[in-house]
Amino acid sequence: MPRGGDRPPGLIVAGNASIDLLLGPVAPWPTIGTEALVERIAWRLGGALGNTALALHGLGIPAELVWDVGDDEAGQGIAALLKAAFEPPRVQPAPTSVTVALTHPSGERTFVSHLGHLAVSEPDALAAAIE
């Protein structure tokens, strides 16, 4: 049930919340063994559930989240970010999923991801939590 009232949720959202790290632009593409400096950096809540939760909350649409995070500082940060609006997540025994998005001058992106807690999250458990 969403925080802040007794009314039922308008939506139930199940899925993943993760951390996105955006860096760029990267040009030229670095060669192996070198370091590339970039102009911009942004840390963001990511994952399908994370993005949807922020959008729904911003629109004032009540929702219940069925979600999990890893058992690390990143997972604690995600839970803290969403705690005012949503119930806490389940905590998985793994690091929180992280995706690094490297932007190119053209605007295209290259992604490097670590599945983290998504590798141990079980869709059947999320489905059971909805019922």
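This is a predicted model: local features need pLDDT of at least 70, side-chain atom pairs count only at pLDDT 80 or more; totals for chains, interfaces and linings use all residues.
From the N terminus on, the elements of this protein follow the order β-β-β-α-β-α-β-β-β-α, which comes to three helices and seven strands. Of its 131 residues, 33% count as buried. The structure holds one salt bridge, formed by Asp 68 and Arg 90, and there are cis peptide bonds from Gly 24 to Pro 25 and between Ala 27 and Pro 28.

**Overall dimensions and surface**

- Along its principal axes, the C-alpha trace spans about 55 × 30 × 20 Å.
- The accessible surface comes to about 8,000 Å², and carbon and sulfur atoms account for 58% of that.
- Take the contacts between residues at least 6 apart in sequence: 59% of them join residues at least 24 apart.
- On the charge side, the protein has 7 positive and 14 negative side chains. The centres of the two sets lie 9 Å apart.

- Leu 11, Leu 59 and Ile 61 make a nonpolar surface patch of about 270 Å².
- One of these residues, Leu 59, is placed in helix H1, which covers residues 47–59.
- Leu 59 counts as exposed because its relative accessible area is 65%, and the cut-off for exposed is over 50%.

**The salt bridge**

- Side chains of opposite charge can pair when their charged atoms come close.
- Here Asp 68 pairs with Arg 90, and the closest N and O atoms are 3.1 Å apart.
- Buried or exposed: which is Asp 68? Asp 68 is buried, since its relative accessibility is 0%.
- Arg 90, by contrast, is partly exposed, with a relative accessible area of 29%.

- His 117 is found in the loop that runs between strand S7 (109–114) and helix H3 (123–130).
- With a relative accessibility of 0%, His 117 counts as buried.
- Which residues touch His 117, once neighbours within four places in sequence are set aside? The contacts are Ala 17, Asp 68, Val 69, Gly 70, Gln 92, Ala 94, Pro 95, Thr 96 and Ser 97.
- That list includes Asp 68, the residue that forms the salt bridge with Arg 90.
- Leu 118 also lies in the loop between S7 and H3, but Leu 118 is partly exposed, at 27% relative accessible area.
- Leaving aside neighbours within four places in sequence, Leu 118 is in contact with Asn 16 and Ser 97.
- The C-alpha atoms of Leu 118 and Thr 96 are separated by 7.7 Å, while the two residues are 22 apart along the chain.

**Ser 18 in strand S2**

- Ser 18 has its place in strand S2, and this residue is buried because its relative accessibility is 3%, where the cut-off for buried is under 20%.
- Beyond neighbours within four places in sequence, Ser 18 is in contact with Arg 44, Leu 45, Gly 46, Gly 47, Ile 78, Thr 96 and Ser 97.
- Ser 18 and Leu 102 are 84 residues apart along the chain, and their C-alpha atoms are separated by 17 Å.

**The cis peptide bonds**

- Where in the chain is Pro 25 placed? Pro 25 belongs to the loop between strand S2 (18–24) and strand S3 (40–46).
- The peptide bond leading from Gly 24 into Pro 25 is cis, with omega near -10°.
- Pro 28 lies in the loop between S2 and S3 as well, and the bond joining Ala 27 to Pro 28 is cis, with omega about -10°.

**Leu 81 in helix H2**

- Leu 81 is placed in helix H2, which covers residues 73–82.
- At 51% relative accessibility, Leu 81 counts as exposed.
- The C-alpha atoms of Leu 81 and Gly 47 are separated by 14 Å, with the two residues 34 apart along the chain.

Definitions and conventions
Residues are numbered from 1 along each chain as its sequence is written. Side-chain values use heavy atoms; hydrogens and water are left out. Patches are made of residues with over 30% relative accessible area and no salt bridge: like charges are joined within 9 Å, nonpolar side chains (Val, Leu, Ile, Met, Phe, Trp, Tyr) within 5 Å. Accessible areas come from the Shrake-Rupley method with a 1.4 Å probe; for residues, only the protein chains shown count as cover. A salt bridge is a side-chain nitrogen of Lys or Arg within 4 Å of a carboxyl oxygen of Asp or Glu. Helices (H or I, at least four residues) and strands (E, at least two) are DSSP runs, numbered from the N terminus. Buried means under 20% relative accessible area, exposed over 50%, partly exposed in between (1.4 Å probe, protein chains only). Contact means heavy atoms within 4.5 Å. Lys and Arg count as positive and Asp and Glu as negative; His and the chain ends are not counted. The place of a charge is taken as NZ of Lys, CZ of Arg, CG of Asp or CD of Glu.
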